Amino acid sequence: MVIVLCYLWIGLNEVAAITAVALNKTAMVAVSIREGVQALDPKLRDMARVFRMSRGAQLRHVIVPQLWPYIASSIRNGLAIIWKIVLVVEFLGRSNGIGFQIHLYFQLFETGYVLAYALSFVAFMLLLEFTLLRMMEERATRWRQSAPG
């Protein structure tokens, strides 16, 4: 619905497409991060104050490690949903892109092309997951490997 309204209000252009995607995902990401902020351990915050950690050090060493599961969940869910929305946006109002191509070949009953585009899209998303997201996760949770116990 948001996609159609953006196209009606803004026009069939990139701005409408990007706005529709952003509006569709912003609420879910905000709710997830809010839940993470509410779950922050106040004792760790107090410890950081006692040790007079700078705001940057608190963010890096206390807050982000606690928020990481919520951030990672938001990123993964966001990417999964955003790319589906992008395909629908391209399907509805663009004359290029993978969503447009899948729709075009679907209308022509070209199953092979539809599968080729869909599987290449899935392969790209898996590559993104296993490279960029995994690297970010390993960096954010590196402290667990060096923790005693």
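Helices are DSSP runs of H or I with at least four residues, numbered from the N terminus. The structure described here is a predicted model.

In that numbering, α3 (42-50) and α4 each contribute at least two residues to the lining of the second largest pocket. The space in this pocket amounts to about 160 Å³. Its lining consists of Leu40, Asp41, Pro42, Leu44, Arg45, Arg55, Gln58, Leu59, Val62, Ile63 and Gln66. Helix α4 makes the largest contribution to the lining, with six residues. By residue class, the lining of the second largest pocket comprises six nonpolar, two polar and three charged residues.

One of the lining residues, Arg45, also takes part in a salt bridge with Asp46, in which the closest N and O atoms are 3.7 Å apart. Both partners are partly exposed: the relative accessible area of Arg45 is 39%, and Asp46 has a relative accessibility of 37%.

In total, three salt bridges are counted in the model. Side chains of opposite charge can pair when their charged atoms come close. A second pair joins the side chains of Arg34 and Glu35, with an N to O distance of 2.8 Å. Arg34 is partly exposed at 42% relative accessibility, and Glu35 is likewise classed as partly exposed, at 35%.

The remaining pair is formed by Glu129 and Arg76, whose closest N and O atoms are 3.0 Å apart. Arg76, with a relative accessible area of 27%, is partly exposed.

Helix α4 also takes part in a nonpolar surface patch, for which α1 (2-10) and α4 (55-93) are the elements that give two or more residues. The patch is formed by Val4, Leu8, Trp9, Ile10, Val15, Val88, Phe91 and Leu92, which together have about 800 Å² of accessible area. Helix α1 supplies the largest share, four residues. Among the patch residues, Trp9 is located in helix α1. Trp9 has a relative accessibility of 68% and so counts as exposed, since the exposed class begins over 50%.

Backbone geometry was also examined. Most residues other than glycine have a negative phi. Arg52, which is not a glycine, has a positive phi of about 50 degrees. This residue, Arg52, is placed in the loop between α3 and α4. With a relative accessible area of 76%, Arg52 is exposed. Phe109, also a residue other than glycine, has a positive phi near 60 degrees. Phe109 is situated in the loop between α5 (98-107) and α6, and its relative accessibility of 73% places it in the exposed class.

Conventions: Residues numbered from 1 in each chain as written. Predicted model: local features only at pLDDT ≥ 70, side-chain atom pairs only at ≥ 80, totals over all residues. Heavy atoms only, no water. Patch = residues over 30% accessible without salt bridge, like charges linked within 9 Å, V, L, I, M, F, W, Y side chains within 5 Å. Areas by Shrake-Rupley, 256 points an atom, 1.4 Å probe, with all protein chains shown as cover. Salt bridge = Lys/Arg side-chain N within 4 Å of Asp/Glu carboxyl O. Buried < 20%, exposed > 50% of the residue type's maximum accessible area, 1.4 Å probe, protein only. 1 Å grid on protein atoms, 1.4 Å probe; cavity = no way out; pocket = protein on both sides within 12 Å on 5 of 7 lines; lining within 4 Å. Points joined across faces, edges and corners; volume = space filled by probe spheres on them. Nonpolar A, V, L, I, M, F, W, Y, C, P; charged D, E, K, R; others polar.
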